[in-house]
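Here are my notes on this model, point by point. Have it open while you read.

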Amino acid sequence: MCFRKLLTLDLSYNMTKEKDRIIMKEVLVIGSGLGGLTAALRLSSKGYRVRILEKHSKPGGRLNQLVIDGFKFDVGPSFMSMTYILDEMFSDLGIKNPLKLTPLDPIYQVFFEGRNRPYKIWKSTAKLQEEFSKIEPDLAAKADKYLAKAGEFFNDTIGPVVKSNFDGYADYFFKLSRLPLKHLPYLFKNMWSEVSRNFSSEEMRIIFSLVAFFLGSTPFQTSSIYSLLSYTELKHDGYWNIEGGMYRLTEAVVELLEARGVEIIYNTEITQIEYQGSSVKALLDRNGCRYSADIYVSNSDAAAFRGTVLGRKKYSESNLDKMDWTLAPFTIYLGIKGKIDILMHHNYFLGNNFKNYSNTIFTSSISPDKPYYYVNASSKSFPGCAPEGCENLFILCPVPDMRYKSDWSDKEQLADKIIGDISKRTGFDIAENVIVKKIMSPMEWADTFNLYRGSGLGLAHGMNQIGAFRPKNKDEEFRNLYYVGASTIPGTGLPMVIISSKLTAERIEGDYGPLS
């Protein structure tokens, strides 16, 4: 028996405002990731009555936080870029940005195997040139030229392509056709070929192509159009820390939602829908509880939801497996006694076989022998994230998704290998000083966040899976079902997810109108 049903027999109702007789529409949002939360915030500000259904006991999706024995860890995203997207969202709502952000400079450092001192990555190309003077002559001029070209592409596409909805393929290609022809070569090259044209040293080529890993891919599989990410990284807005940790973004949005009367119903996983004709009539959770509204917004993976919940043949498991997916996350959360002086907040640890590693990491059925990984030590910026005299380490190692490696019984061995490598390269014995340790393999990521095959960022960003080719933010069959988040347009990354919520809200307003 569903006891919650005693309280929520049917959430659907119409309210008539005495003042202007406008019918209030109710919206149910499935999932409280950043896309779902910001979509709820935008819609509630337009007069919609919004409720959110969340699988877990706390909000945030992958933008979450682990708290273990006094240590706090970012679960997933660990920095913010394009911060003005946040400002724009809050401004649209008539709210001052409640978050305190601090710019990163240097933005991160890179440890190459066999080199004792890491390279610091500065926003200033003059400082970059000084850092890499022994291996890359005239770096400042080369970097300025590369970034200027990437910046032109960014500025020409951010409005008509990234921040736009598309009414079918014709509309998409029409908008693309209006872009300057000088950008056309970008479409037919991968990122590695583009960085190789501009830089002579292997190290610089690798550093300028690391942004591909932010997309859950490698520079050999990623279109050169994403060199624009280097522009956002070094010239446009840079990377920023959110004071108190990334989860403050989730908390701030939830606080605003609560002030607006938006309810989040926790421990509720949607597994089925009820529909009549071209309309969704209700959602059913795994306990049989029924939730109904006028409009539904899914913050689940837009492709997988169509397959697993809606049962669409186009998105069956066999068809989903044929799509291109991003790499899966293998993460380790360590509470360490002592301070690791050589680490910064953001650190990359790389080997000496970048091309071979990149070409095999996608489809390997075994754990990497010499893994490449990222280390976040947020206690460097925010001491309150760890007890006094301690360090918190969040380690992310991209690995194959579960189509290729489904057995993760070796997760402890891979974790030990990474911990041993960090210890060797930092000169600090981590294993002897571990107070807290938690490992999440792709299996745990898949189960916890309903990620298809454990893919960390969902569908990849090849030319056949972006724009109008990406799963749409309005359902093809049900007129009152919409999607938001990284798996629909415009794509992955916190700024893109916030833009996604605006595009989805615009779709809904276009169909139903603003109600206030």
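1. Cysteines first: there are zero disulfides, taking a disulfide as a pair of cysteine sulfur atoms within 2.5 Å. Cys-390 is in none, and the nearest cysteine sulfur, that of Cys-385, is 13 Å away. Cys-390 counts as buried because its relative accessibility is 7%, and Cys-397 is buried too, at 0%. (Buried means under 20% relative accessible area, with a 1.4 Å probe and protein chains only.)

2. A word on the basis. This is a predicted model, where local features need pLDDT of at least 70, side-chain atom pairs count only at pLDDT 80 or more, and totals for chains, interfaces and linings use all residues. Residues are numbered from 1 along each chain as its sequence is written, and side-chain values use heavy atoms, leaving out hydrogens and water.

3. Now look at helix 15 (residues 442-449), where Pro-442, Trp-445, Ala-446 and Phe-449 are buried. They line one face of the helix, because down its axis they fall within an arc of 100 degrees, taken from the directions from the helix axis to the C-beta atoms. Their cover includes strand 17 (328-337), strand 20 (390-399) and strand 21 (434-440), with contact meaning heavy atoms within 4.5 Å. Just after the helix, Asn-450 has a positive phi of about 55 degrees.

4. Finally, which residues of helix 4 meet helix 6? Lys-142, Tyr-146 and Lys-149 do, against Glu-194, Val-195, Arg-197 and Asn-198 in helix 6.

Definitions and conventions
Buried < 20%, exposed > 50% of the residue type's maximum accessible area, 1.4 Å probe, protein only. Helix = DSSP H or I, 4+ residues; strand = E, 2+ residues; numbered from the N terminus.
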